[in-house]
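User: I have a protein model to go through with you. Please take me from the overall fold down to single residues.

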Amino acid sequence: MTRFLIADDSVPVRSGLRKLIEEHPGWVCAEAVNGLDAVSKTKQLAPDILILDLFMPEMDGLQAARAITKLVPDLPILLCTTDLPPALVSVARRCGIQGTVSKFDSHQIETGIEALLRHETFFCAN
């Protein structure tokens, strides 16, 4: 069983990501509504992989990644956002994020997840 935590403030996005993930046998999801909730649920649920949105209320994805990396240094984190300029990819790496993907590209999301599960990085930029 591979446990995922999806953190995004958009209900439709969380729902879509959950559906995409749970199509794979043995992959299950929990959800967080913002970065602060992601930090709390990471402590409670000990996911195997975390998928974070960039722009969320309370605490954005980069802030959440920094906090979570301090708590669980080896947790693979995939930043899933709408815009991926090269500068963001560089900042994401420094925050402990192992991959960046567009939330509008399901193939890219699946490829990024699979790479992180193999303990590889996967960085896409626009």
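**Fold, core and loops**

Analyst: Among contacts (heavy atoms within 4.5 Å) in the protein between residues at least 6 apart in sequence, 60% join residues at least 24 apart. This is a predicted model, where local features need pLDDT of at least 70, side-chain atom pairs count only at pLDDT 80 or more, and totals for chains, interfaces and linings use all residues. Residues are numbered from 1 along each chain as its sequence is written, and side-chain values use heavy atoms, leaving out hydrogens and water.

User: What pattern does the protein follow along the sequence?

Analyst: Helices (H or I, at least four residues) and strands (E, at least two) are DSSP runs, numbered from the N terminus. The protein has 5 helices and 6 strands. Read in order, the pattern is β-α-β-α-β-α-β-α-β-α-β.

User: Which residues have the most contacts inside the largest nonpolar core?

Analyst: Such a core is a set of buried Ala, Val, Leu, Ile, Met, Phe, Trp, Tyr and Cys residues joined through side-chain atoms within 4.5 Å. Buried means under 20% relative accessible area, exposed over 50%, partly exposed in between (1.4 Å probe, protein chains only). The largest core has 41 residues, and those with the most contacts inside it are Leu52 and Ile113.

User: Is histidine 119 buried or exposed?

Analyst: Histidine 119 sits in the loop between α5 (106–117) and β6 (122–123). Its phi is near 65 degrees, a positive value in a residue other than glycine. Most residues other than glycine have a negative phi. Its relative accessibility is 74%, so histidine 119 counts as exposed.

User: What is the relative accessibility of alanine 46?

Analyst: Alanine 46 lies in the loop between α2 (35–45) and β3 (49–52). Phi is positive for alanine 46 too, near 45 degrees. Alanine 46 counts as partly exposed because its relative accessibility is 43%.
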